[in-house]
Amino acid sequence: MASKVLGFMTSPRKKGNSDTLIDEALKGAESRGAETEKITLCDLALSPCIECGGCNKTGKCVVNDDFQKIYRDLATEHFFIFATPLFFAGVSSLGKCLIDRCQCMWVAKYRLRKAIAPKSPNRRGLLIASKGMPGKDKFEHLKAEVKSFFTVNNIVYFDELLADDCDGKGAAREREDLLREAFTCGERLITN
């Protein structure tokens, strides 16, 4: 059975830098025989976490929307990509929505001591983040958010592509270095 990579494209802008880079990473994974699926969060009907406490007894979210499929995918897949632009030193609003809606996973894992997903060093995640300004600074808060999301879901923070100097919608498409690096990150996610 082929490995499966689930990619979360959390930018509200399609065909922008995050979308371009996640597509290249998924192509890299496919080149190594992986099956891939990209979930574009802006195409889904999603509610933010409403902190209703509905998950406190079961570890399952009671809000019935498109996140229900994402929960199943998070519990079963082995490789993950989280792609986001840098917004005010953190992930995009859709990325934050994804992270916050995993509160039920946190409750299941840490309060209720339930198994939420397999624990394995082969269950790995790749962060792809882009920002307009040059320089690799300012990614630390974003990285901490994604690391926390991965940890809650038993995903090893395996690799990262931090793309700076990507101001404007098509900037990443013009950067052969970034396209190559994204492709290579997708390959490494599957083969290492």
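**Helix packing and the sheet**

Modeller: Thr 20, Leu 21, Glu 24, Ala 25, Lys 27, Gly 28, Ala 29 and Ser 31 in H1 are in contact (heavy atoms within 4.5 Å) with Leu 178, Leu 179, Ala 182, Phe 183, Gly 186, Glu 187 and Ile 190 in H6. This is a predicted model: local features need pLDDT of at least 70, side-chain atom pairs count only at pLDDT 80 or more, and totals for chains, interfaces and linings use all residues. Residues are numbered from 1 along each chain as its sequence is written, and side-chain values use heavy atoms, with hydrogens and water left out.

Biologist: At what angle do helix H1 and helix H6 pack?

Modeller: Two packed helices are described by the angle between their axes and the distance between the axes. For H1 (residues 17-31) and H6 (residues 176-191), the axes lie 7 Å apart, and the angle is about 45°.

Biologist: Which strands stand at the edges of the sheet?

Modeller: Five strands form an open sheet with parallel pairing, in the order E2-E1-E3-E4-E5. Two of these strands have a single partner strand each, so one side of each is left without a neighbour in the sheet: E2 (35-40) and E5 (156-163).

Biologist: Is Trp 106 buried, partly exposed or exposed?

Modeller: Trp 106 belongs to helix H4 (residues 103-111). Buried means under 20% relative accessible area, exposed over 50%, and partly exposed in between (1.4 Å probe, protein chains only). With a relative accessible area of 30%, Trp 106 is therefore partly exposed.

Technical notes: Axes are lines fitted to C-alpha atoms, for helices over the stretch in contact, and angles run from 0 to 180 degrees between N-to-C directions. Helices (H or I, at least four residues) and strands (E, at least two) are DSSP runs, numbered from the N terminus. Two strands pair if DSSP finds at least two bridges between them.
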